[in-house]
Amino acid sequence: MTLPPDFPATTPVRPSGCPGLLRIVQAMDGGICRVKLAGGLITAQQAEAVADVAHRYASGVIEATNRSNLQIRGVGTAHQALIEPLLAVGLGPANAASDDVRNLMLSPTAGIDPQQVIDTWPLARQILGSLESTPRFAELSAKFAVQLDGGEALAMREHHHDLWLCAFECNGQPLLAFGLAGCPAQDAALGSVPVEHGHELVMTVLTLFLELARPEHTRMRHLFKERAITDFFAQLAQRLSVAIGPAAAWPRATHSRQSPIGTYPQRETGQVYVGATLALGRLDAAQLSALAKIATRYGNGTLRFTPWQGVLVPHVRAEQAACVTQALHALGLLCDAQHPLTQMVACTGSSACIKGLADTKQDARRLASLISQPQPIHLTGCLRSCAAAHVAPVTLLAVAPGHYDLYLRDPQHAGFGVLRERNLTIEAAGAWLEARQRSNTHD
Ligand code: SF4
């Protein structure tokens, strides 16, 4: 197996320190290799390959990221040996320069969701193909991201994207509402185009961004600090072959559902998908290999990772759903939505990140043992907030080993929100959160 053409990549316009498949970044626990999954989907064969190389050439720890990708931690020195089997099963980019630009988020239930307005897969494949095959798009930063929401019941609508598109129906016609430098849960749509012009819209927005942005503008929001969004919009409207329509009829969904745990119906009669959560976003090589076998035995041989660090086994016959849940539970995945860890996220923390001021993963487990109900809580080892792509309702920011400042999300306050308590121990944070939960319940 050979590496994609141009390996190693030529000097990028917007260099990145983020891990990629071909760019293994060092951490305290070894290298990190990020494996991008189109729409969070991975086949059983691919999952077995990831599990195998994670076991052979790394520590065996695999993380599900908040953009529905996987990353292998603790990679040793055998980089080529780790990468080549992943390329052989089709997990690589079309060419070395395009690994970073494969940032298109779909709903984890794209194509199978009973509520969807459109099946986003055909358009997503077209967009991904163009992202990888257009040399100019390799100038985009590794963080530049696009979201395509087909109107599914299950979608992450709070992560900020440089461009987001949401399908809706107006007078029987499927349209795509779209926005820039924001998210569908909080921001108004700028306009809409017919679905068949979705590819053209994405290509035109990206091309225009690259023409107007300087290299230090890695995200759309950086460009809008210097240039009015109305100006960008006017130029976009001039270039499109279709008039941008209104999006007043777009029924904005303001809240993302949590990652599904349990059994949910699919569009296909008699078929369901079964979901579970990975405790603090991690699984080991043996668990991923076992997941692949579950998908093959009970589903169609695919798995879908979610932006909430969960996993779905799709295309299961309804009468076999209980067996799948049992198998996922036996693997150590969280199958009870009342488990406090199901809504908790924690970054790598001081056990493997030099910037971490506390062992966030261990502290999260301790905190989970102190609270009686799941609450959306984010423990972060420093201000960089790697584990959460949007502000959580409660953030615990490490200030020293085992000690955290506590913030509550507030739209009036930037960053993590309002600082409510300083320098809490995990026990004190647990008591504070329990008391707050009780008072909220009694209101
Ligand atoms: S948030 Fe800070 S401590 Fe946590 S993984 Fe990121 S850089 Fe490291």
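Phe209 is buried, with a relative accessible area of 0%. This residue belongs to helix α4 and forms an aromatic pair with Phe144. The model is a predicted one.

**The aromatic pair**

- The structure holds five aromatic pairs.
- One of them joins Phe144 and Phe209 in a tilted arrangement, with 4.9 Å centre to centre and 45° between the planes.
- This pair links distant parts of the chain, 65 residues apart.
- Phe144 sits in the loop between α3 (121-133) and β7, while Phe209 sits in helix α4.
- Phe144 has 3% relative accessibility, so this residue counts as buried, the cut-off being under 20%.

**The sheet**

- Strands of a sheet pair through backbone hydrogen bonds, in either a parallel or an antiparallel sense.

- β8 covers residues 161-170 and β9 covers residues 173-182.
- The two strands pair in the antiparallel sense over nine bridges.
- His161 stands opposite Gly182 in β9.
- Leu165 has Phe178, also in β9, as its bridge partner.
- Two residues lie between the strands of this hairpin.
- Asn171, in the turn, has a positive phi of about 50°.

**β9 and its other partner**

- β9 also pairs with β10, in the antiparallel sense, over four bridges.
- Ala177 stands opposite Ser192 in β10.
- Seven of the ten residues of β9 are buried, so the strand is largely enclosed by the rest of the structure.

**The helix across the sheet**

**The ligand shell**

- The residues around the ligand include four cysteines: Cys347, Cys353, Cys382 and Cys386.
- Thr348, Lys355, Gly356, Thr380, Gly381, Arg384 and Ser385 are also around the ligand.
- By class, the shell divides into four nonpolar, five polar and two charged residues.

Terms used: Residues numbered from 1 in each chain as written. Predicted model: local features only at pLDDT ≥ 70, side-chain atom pairs only at ≥ 80, totals over all residues. Heavy atoms only, no water. Pairing = 2+ DSSP bridges. Near = heavy atom within 4 Å. Nonpolar A, V, L, I, M, F, W, Y, C, P; charged D, E, K, R; others polar. Buried < 20%, exposed > 50% of the residue type's maximum accessible area, 1.4 Å probe, protein only. Phe/Tyr/Trp six-rings, centres within 6.5 Å; stacked < 30°, edge-to-face > 60°.
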